[in-house]
Amino acid sequence: KYQPVIKRVAESGWQPVTGARCSPAKIQIERFGLPASGPVYFTAYNDTTVFQTGILSIDPLVLKVPAKATFTELLSGKSLVRQGEGWPLSLQPGEVMVVEVRRP
């Protein structure tokens, strides 16, 4: 279950400029992939000891995400639906999410 996702994300290449953030900042975000070469992936990690919820928002000056782009959490297969300024995330302590952003 995990190994194919880890391989896909790693092969897309870690990006030092995330172009995204999560509020609250207790959920850590990293980005993998370049929009010009395929899907972009965000990993979200709750390194606290309590359940965390937050909103993933993307900086349009760094990443231009079309309105019809799809956001899918790869480990569960669930689609994320935009709410207001971003996409809601919920993570248990120590949990990781992998969000794939696909352009239409």
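I took helices (H or I, at least four residues) and strands (E, at least two) as DSSP runs, numbered from the N terminus. On that basis I read the elements from the N terminus on as α-β-β-β-β-β-β-β-β. That gives the chain one helix and eight strands.

A note on ground rules: this is a predicted model, where local features need pLDDT of at least 70, side-chain atom pairs count only at pLDDT 80 or more, and totals for chains, interfaces and linings use all residues. Residues are numbered from 1 along each chain as its sequence is written, and side-chain values use heavy atoms, with hydrogens and water left out.

**Overall form**

Along the principal axes, the C-alpha atoms fill a box of roughly 35 × 35 × 25 Å.

Next came contacts, meaning heavy atoms within 4.5 Å. Of those between residues at least 6 apart in sequence, 64% join residues at least 24 apart.

**The sheet**

I counted two strands as paired if DSSP finds at least two bridges between them. Five strands form an open sheet in the order 1-3-4-8-6, with antiparallel pairing. Strand 1 (14–15) and strand 6 (70–73) are at the edges with a single partner strand each, so one side of each has no neighbour in the sheet.

I then zoomed in on strand 3 (residues 27–32) and strand 4 (residues 40–46), which run antiparallel and are joined by six bridges. Phe32 has Tyr41 in strand 4 as its bridge partner.

**The aromatic pair**

For rings of Phe, Tyr and Trp (its six-membered ring), I required centres within 6.5 Å; planes under 30 degrees apart are stacked, over 60 edge-to-face, and the rest tilted. How many aromatic pairs does this rule give? The count is one. The ring centres of Phe71 and Trp87 are 3.9 Å apart and their planes are at 15 degrees, so the pair is stacked. Phe71 lies in strand 6 and Trp87 in strand 7 (residues 87–91), so to speak distant parts of the chain, 16 residues apart.I also checked burial (buried is under 20% relative accessible area, exposed over 50%, partly exposed in between; 1.4 Å probe, protein chains only). Phe71 is buried at 3%, and Trp87 is buried at 7%. Buried residues make up 39% of the 104 in the chain.
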